[in-house]
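Please consider the sequence and the structure shown below before reading the report.

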Amino acid sequence: MDYTTALEELKRLAAAPDVLDEVAAGASRVGDWRTWTFDRQVWYLRRHFGLTQAELSRRSGVSQHRISRIEAGGDVKLS
């Protein structure tokens, strides 16, 4: 899976209705997460579902190193 496809898959998974429904219950405690940057959303969703970066990597097809960079606010654009 190339990087563009993997990033789009992460975005699709984060926006899935069942994910949004599950996260919405806790949203009032953490603010409106939909206004957060993509890196914060990935970090929050990963932690919310109890996944390590390695587990998210395996499930999404995005390397653990790339997930780490995304969560750190690194360059996630095709540059």
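## Overall organisation

This is a predicted model. The protein contains five helices and zero strands, so that its pattern, read along the sequence, is α-α-α-α-α.

Of the 79 residues in the protein, 34% count as buried. The accessible surface amounts to about 5100 Å², and carbon and sulfur atoms account for 52% of that area. Among contacts between residues at least 6 apart in sequence, 49% join residues at least 24 apart.

## Helices α4 and α5

Two packed helices are described by the angle between their axes and by the distance between those axes. Helix α4 spans residues 53-60 and helix α5 spans residues 64-71. Their axes come within 8 Å and cross at roughly 115°, which means that α4 is roughly perpendicular to α5. The crossing of α4 and α5 is right-handed.

On the α4 side, the contact is formed by Gln53, Ala54, Leu56, Ser57 and Ser60. These residues meet Gln64, Ile67, Ser68 and Glu71 in α5. By class, the contact of α4 with α5 has three nonpolar, five polar and one charged residues.

## Helix α3

Helix α3 covers residues 38-48. Its buried residues are Phe38, Gln41, Val42, Tyr44, Leu45 and Arg46. After α3 comes glycine 50, whose phi is positive, near 70°.

## Glutamate 71

Is glutamate 71 buried or exposed? Its relative accessible area is 15%. Buried means under 20% relative accessible area, and glutamate 71 is therefore buried.

Glutamate 71 is located in helix α5 and takes part in the contact with α4. Leaving aside residues up to four places away in sequence, glutamate 71 touches Asp39, Val42, Trp43, Arg46 and Gln53. Of these, Val42 and Arg46 are among the buried residues of α3, while Gln53 belongs to α4.

## Glycine 74

Glycine 74 is found in the segment after α5. Its relative accessibility is 27%.

How far apart are glycine 74 and aspartate 39 in space, C-alpha to C-alpha? The distance is 8.2 Å, although the two residues are 35 residues apart in sequence. Aspartate 39 is also one of the residues touched by glutamate 71.

Key
Residues numbered from 1 in each chain as written. Predicted model: local features only at pLDDT ≥ 70, side-chain atom pairs only at ≥ 80, totals over all residues. Heavy atoms only, no water. Helix = DSSP H or I, 4+ residues; strand = E, 2+ residues; numbered from the N terminus. Buried < 20%, exposed > 50% of the residue type's maximum accessible area, 1.4 Å probe, protein only. Contact = heavy atoms within 4.5 Å. Areas by Shrake-Rupley, 256 points an atom, 1.4 Å probe, with all protein chains shown as cover. Axes fitted to C-alpha atoms, helices over the stretch in contact; angles between N-to-C directions. Parallel < 35°, antiparallel > 145°, perpendicular 65-115°, else oblique. Left-handed = near helix turned anticlockwise from the far one by under 90°. Nonpolar A, V, L, I, M, F, W, Y, C, P; charged D, E, K, R; others polar.
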